[in-house]
Amino acid sequence: MLKQTLRLRLTLTFLGLALGPLILVAAIVTGQSIKVLKQNALNLQQQMVQSISIRISSGINGFVNELDVITGIKGFQKLSRRQQTDMLGALQMYNKALIDLAVLDASGREQLKLSRMKSITANDLRDCSQLDEFKAPRD
């Protein structure tokens, strides 16, 4: 009986000495793996955010360039209201992201407005002179 108890104790001690370091190493490696995976996930998120930011900036710059082309056309203000409407309508058809387009005079009053969402009448034209977008100088 004493031999069996001693044998059992020695077996358990050897198992403990053999498995203890393995369990400790596994715990350390798992902790390190979790840290690395978290860091990789953060890096991937940052790359995605940067990529999306670049796409958005590119899209906005594209819109600004398209509008610059329209406003840069010599004589745009001299065109008839119908011709101006046709030109802005063509721009809206070319670029589906443009929902509303408006032509403002130097004082900030809308002269012409097109919208994909609703019909615009002369009564819908508004004074934009107090809006920050109108007051702020363009770069």
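Buried here is under 20% relative accessible area, exposed over 50%, partly exposed in between (1.4 Å probe, protein chains only). Strands (E, at least two residues) and helices (H or I, at least four) are DSSP runs, numbered from the N terminus.

This is a predicted model, with pLDDT of at least 70 needed for local features and 80 or more for side-chain atom pairs, while totals for chains, interfaces and linings use all residues. Residues count from 1 along each chain as its sequence is written, and side-chain values use heavy atoms, without hydrogens and water.

Next I looked up the partner of β1. Strand β2 (residues 110–115) pairs with β1 in the antiparallel sense over five bridges; pairing takes at least two DSSP bridges. Asp100 stands opposite Ser115 in β2. The two strands form a hairpin with five residues between them, and Gly108 in the turn has a positive phi of about 95°.

Then the core. I found nine residues in the largest nonpolar core, among them Leu101, Val103, Leu91 and Leu112. Such a core joins buried Ala, Val, Leu, Ile, Met, Phe, Trp, Tyr and Cys through side-chain atoms within 4.5 Å. α2 (81–94), β1 and β2 each supply at least two of its residues.

Last, I checked Leu15. Leu15 lies in helix α1 (residues 2–72) and is partly exposed, at 44% relative accessible area.
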